[in-house]
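Look at the model below and follow the chain from one end to the other. The paragraphs after it go through its parts in turn.

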Amino acid sequence: MKRIKNGAITAIVLVLSGFFVYSTSKKNIVTEKRELVGLPLEIDFAGEKTPLHIADVRERLDREMVINTNLHSSTTLILKRANRAFPIIEPILEKYGVPDDFKYLAVIESGLANVVSPAGARGVWQFMPQTAKEQGMEVNDYVDERYHIEKSTEAACRYLLDAKNKFGNWTLAAASYNAGMGGINKQLTNQMVSDYYDVLLTEETSRYVFRILALKEIMLNPAKYGFEIPNEQLYYPIEVKKIEVDSTISDLATFAKNQGINYKILKLHNPWLRDKKLENKSKKTYILEIPTEGY
């Protein structure tokens, strides 16, 4: 009887100890998550300060910070891809006089991948076909320069400069990339305001700049938000040679073999090539990238 009593006491002690350890561990886990998600004391977009003293502004930024710090897989991939994409995008933005912060607009548009939206927007900068053509890009069955990161970045710069001239600030220019210049201008006029943070917009456009701000904050301070990626796990630029082509290529697979690579590698490095051949009756000069490593 005494043995049973002692055993019962031991069991109770173990249960209580386990409960205490579980409770303490759970409390620590919650505390750690809270420490990873927080708002910066101040933040700006392209040098234009975000008015975090306004309650809804602060909460809208908080929403995007919470979401993106917890989208661990996609944010990790973005950080890896940025190591390869940003060195291409940054000098083009600088060349056109567009603030460096606009590279984060490309981040939220596509995750720095050549994706296709349900509406038909394509590429890193997510241009629709007509807008792409208006900005000087070639879009047809054989060539789609929306998939050309250099040319699409230049087209984005041209659009953003026009938007900045129209609205007078970069924040509204960024918002117009989502809603269009006409859409933003209509709402500003109807609501008799002149600032992005004062105008009521659709949910997507209302969140748009805040998504940019959240990714900017996280990507500038990845370790602070729980994203510590060793340098060797980042995606690095791949060395290529560039060749000029000013005639039709009737079979890209054969062309690739003659360059010492295969069709898959050719298409991966030149995603703007959209068919199995390159029709070029006008004798236009195209520059193709042929990798010299990484295959």
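Two residues are said to be in contact when heavy atoms of theirs lie within 4.5 Å. Leaving aside neighbours within four places in sequence, phenylalanine 102 is in contact with Phe45, Leu93, Trp125, Leu160, Trp170 and Ala174. Keep in mind that this is a predicted model.

Now the overall picture. The protein has eleven helices and four strands. Of its 295 residues, 41% count as buried. Among contacts with a separation of 6 or more, 60% are between residues 24 or more positions apart.

In soluble globular proteins, nonpolar side chains tend to be buried together. Here the largest nonpolar core holds 60 residues, and the members that touch the most others are Phe102, Leu112, Trp125, Tyr177, Tyr196 and Met219. At least two residues of this core come from each of helix 2 (55–70), helix 3 (72–96), helix 4 (103–110), helix 6, helix 7 (170–179), helix 8 (181–191) and helix 9 (203–220). Helix 9 gives the largest share, nine residues. There is also a second, separate core of 17 residues, which includes Ala256, Ile261, Ile265 and Leu266.

Helix 3 can be taken by itself. It has 25 residues and spans 33 Å from its first C-alpha to its last, close to the 36 Å expected at 1.5 Å a residue. Where does helix 3 bend? The bend, of about 50°, is at alanine 85, and proline 87 follows within four residues. An α-helix has 3.6 residues a turn, so residues three or four places apart point the same way. The buried residues of helix 3 include Thr75, Ile78, Leu79, Ala82, Ala85, Phe86, Ile89, Ile92 and Leu93. Helix 2, helix 4, helix 6 and helix 9 are among the parts that cover the buried residues of helix 3. Just after helix 3 comes glycine 97, with a positive phi of about 75°.

The aromatic residues come next. A pair of aromatic rings is described by the distance of the centres and the angle of the planes. The model contains ten aromatic pairs. Phenylalanine 86 belongs to helix 3 and tyrosine 104 to helix 4, so the pair ties together parts that are 18 residues apart in sequence. Both phenylalanine 86 and tyrosine 104 are buried. Another pair, tyrosine 196 with phenylalanine 210, is tilted, at 6.2 Å centre to centre and 40° between the planes. This pair links distant parts of the chain: tyrosine 196 is in the loop between helix 8 and helix 9, while phenylalanine 210 is in helix 9, 14 residues apart. Is tyrosine 196 buried or exposed? Tyrosine 196 has a relative accessibility of 1%, so it counts as buried. Phenylalanine 210 is buried as well, with a relative accessible area of 0%. Elsewhere, ring pairs join Trp125, Phe127, Tyr159 and Tyr177 into a cluster.

Charged groups can also sit over rings. Arginine 274 lies over the face of tyrosine 147, 3.9 Å from the ring centre. The charged end of lysine 166 is over the ring of phenylalanine 167, at 6.0 Å from its centre.

Some single residues complete the tour. Lysine 216 is in helix 9. With a relative accessibility of 9%, lysine 216 is under the 20% cut-off, so it counts as buried. Leaving aside neighbours within four places in sequence, lysine 216 is in contact with Asp44, Asp101 and Tyr104.

Glutamate 150 lies in helix 6 (residues 149–167). Its relative accessible area is 23%, so it is partly exposed. Beyond neighbours within four places in sequence, glutamate 150 is in contact with Ile88, Ile92 and Glu289. Glutamate 150 and isoleucine 88 are 62 residues apart in sequence, yet their C-alpha atoms are 7.0 Å apart in space.

Two residues in loops have a positive phi without being glycine. Glutamine 126 has a phi of about 55° and is in the loop between helix 4 and helix 5 (129–134). Lysine 283, with phi near 65°, is in the loop between helix 11 (263–269) and strand 4 (286–291). Glutamine 126 is buried, with a relative accessible area of 11%, whereas lysine 283, at 55%, counts as exposed.

Notes: Residues are numbered from 1 along each chain as its sequence is written. This is a predicted model: local features need pLDDT of at least 70, side-chain atom pairs count only at pLDDT 80 or more; totals for chains, interfaces and linings use all residues. Side-chain values use heavy atoms; hydrogens and water are left out. Buried means under 20% relative accessible area, exposed over 50%, partly exposed in between (1.4 Å probe, protein chains only). A nonpolar core is a set of buried Ala, Val, Leu, Ile, Met, Phe, Trp, Tyr and Cys residues joined through side-chain atoms within 4.5 Å. Rings of Phe, Tyr and Trp (its six-membered ring) pair if their centres lie within 6.5 Å; planes under 30 degrees apart count as stacked, over 60 as edge-to-face and the rest as tilted. A charge sits over a ring if NZ of Lys or CZ of Arg is within 6 Å of the ring centre and within 35 degrees of the ring normal. The expected span of a helix is 1.5 Å times one less than its number of residues. The bend at a residue is the angle between axes fitted to the seven residues ending there and the seven starting there.
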